[in-house]
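Student: Could you take me on a close look at one residue and the helices around that part of the chain? I would like the cut-offs spelled out along the way.

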Amino acid sequence: VLEQALFAEVDALMTTLLTDEELQRAKNGLLAERIYARDTIDHLASMIGRLSVNGVDWRQEVEGYPRKIQEVTAERIREVASRYLTRDKAVIGILTP
């Protein structure tokens with residue numbers, strides 16, 4: 001049942017554009033999450049370390065992230081979902097007690 005529900009949501013991403021309200025709510029959530037992650041020195045140090053290890057200038061990432069998020073469009077989400085979230089690329093795990 002859960003697998004079918006997940007596939008239905010992914011299928012909807014591939015065929016239906018998000019509304020402006022849905023897209024803005026998602027963007028706001030991502031931006032808020034990033035801001036709250038910098039609230040503690042531990043999280044900030046972890047972020048800087050993770051970016052530095054991967055060769056990313058953390059200053060550019062901190063300044064550029066909001067712009068990158070705002071540039072995302074519903075059309076781009078549909079395009080990426082259609083390319084990468086296909087059923088033949090799905091990995092399904094079955095957990096039994």
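Tutor: Happy to! Buried means under 20% relative accessible area, exposed means over 50%, and partly exposed is in between, with a 1.4 Å probe and protein chains only. By that rule Leu51 is buried, because its relative accessible area is 15%. This is a predicted model, where local features need pLDDT of at least 70, side-chain atom pairs count only at pLDDT 80 or more, and totals for chains, interfaces and linings use all residues. Residues are numbered from 1 along each chain as its sequence is written, and side-chain values use heavy atoms, with hydrogens and water left out.

Leu51 belongs to helix α3, residues 41-53; helices are DSSP runs of H or I with at least four residues, numbered from the N terminus. Apart from neighbours within four places in sequence, Leu51 is in contact (heavy atoms within 4.5 Å) with Val56, Trp58 and Glu61. Glu61 sits 10 residues from Leu51 along the chain, with 8.3 Å between their C-alpha atoms.

Helix α2 (residues 20-37) packs with helix α4 (residues 58-71) at about 170°, the axes being 10 Å apart; axes are lines fitted to C-alpha atoms over the stretch in contact, and angles between N-to-C directions run from 0 to 180 degrees. The two helices, α2 and α4, are therefore roughly antiparallel, a label for angles over 145 degrees. On the α4 side, Glu61, Tyr65, Pro66, Ile69 and Gln70 make the contact, and α2 brings Gln24, Lys27, Leu30, Leu31 and Arg34.

Note on methods. Angles under 35 degrees count as roughly parallel, over 145 as roughly antiparallel, 65 to 115 as roughly perpendicular and the rest as oblique.
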